[in-house]
Amino acid sequence: MNAAAFLSSALPSILTIGGMALVTYLSRAAGLAVMSRLSVSGRLERFMKAIPAAILASIVAPSALAAGPAEALATLATGLVAWRVNNLPLAMAVGVAVVLGLRLALA
Amino acid sequence: MLKQSDLIRFSLPGLWAGFCACLPVALGVAVYGVLFGLLARQKGLSLLETQSMSLFVFAGASQLIALDLWSVDLPGGLPVVSLILTTLIVNLRHVLMGAALSPWLTRLSSGPAFGSLFFMTDESWALTLSRMVEDQRLKREPDGAFLLGAGLCVYAFWNASTALGHLLVRGLGDPSKYGLDFAFTAVFTALLVGLRPRRHDLLPIIAATATALACARLLPGKWYILTGAVAGGLAAALGPAPSLSPDPRPAPGDDRSRP
């Protein structure tokens, strides 16, 4: 297959992956681009200060609270460990171990 | 322009600290990278296509969702437009994540800041955010290269693992069999607790949790993260103002980040 034939057969893939890459980077850059042009105070300031915890809570909510009792209890155990010691690998290992044990026990 | 004194460090030790902090999480990411590579080959994507996606798009959730839509047998061929639009929607949550890091990123020059953002994933974002909040609590000078270091760690593991999955792995058990699906829930839970939420943070967290739970049931993809985050932000903005206890976290765009 010569180069032109390869390019024309690969064009849909190139367009798709290129487009996916572009919109993904734009989503990553947009937050900073907007915030560096805004002066933030009042209600917008309170909105932005709440965002980090709100994103983290939203990420974990379905897999922590809607997946079953093993996941909910393992989330609780992880939270308690993280509250007592500032050690992320340990909290991660405890969460995985507890969920694994409870899934076997409750199955 | 920013005054020199407003800028924060962007150093090699900071980059290394971010890389090391991300290692345990990156191992979990690699499990899903192998899975992505394997599924991509089963879907008929070439190694070049699979690896281009990991190198240039570098977004696990949207890459896995794209495999669902990837089909060359449709009447119109590959559904280019819906693949790109789905990717955009899945990644819209990054807008809020980037905005949440802006108090620090606006104190870097724009090259390093916008370059680092290419490598921002859920994992490297969360680790960087909690590091920056901790720096503030301990009155330690932040290092802006932490985000890039954490991101490069995920990037290296993601790309190596998707290639491995495409080339070598012929079968992989369901990660949930080993509890590995829960590793991410555990990490993000620990990071949320590590933010040490105060009483006035609880209402936004509850609003975010309830909204995310409802939206995870009703909407496809990752909408629940974006809607939950917006609900939490609105609860904070429209709810009662917190009492005037000093909050060590700067708001995005506070005075130190102003020209």
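Between domain 1 and domain 2 of chain B, zero salt bridges are found; a salt bridge is a side-chain nitrogen of Lys or Arg within 4 Å of a carboxyl oxygen of Asp or Glu. The model is predicted, so local features need pLDDT of at least 70 and side-chain atom pairs count only at pLDDT 80 or more, while totals for chains, interfaces and linings use all residues. Residues are numbered from 1 along each chain as its sequence is written, chains are lettered from A in the order in which they are written, and side-chain values use heavy atoms, with hydrogens and water left out.

Domain 1 covers 4–196 and domain 2 covers 197–247, with bounds from an automatic or database domain assignment. Their C-alpha centres lie 23 Å apart. Twelve residues of domain 1 and ten residues of domain 2 take part in the contact (heavy atoms within 4.5 Å).

The two domains bury about 820 Å² between them, 83% of it from carbon and sulfur atoms. Buried area is the accessible area (1.4 Å probe) that two parts lose on being put together, summed over both. On the side of domain 1, R93(B), L96(B) and R196(B) lose the most area, together 46% of what that side buries.

## The interface of chain A and chain B

Here 63 residues of chain A meet 90 residues of chain B. The buried area is about 6,500 Å², with 76% on carbon and sulfur atoms. In chain A, M20(A), R28(A) and L32(A) lose the most area to chain B, together 12% of what that side buries.

One salt bridge is found across this interface: the side chains of D181(B) and R103(A) meet at 2.9 Å, N to O.
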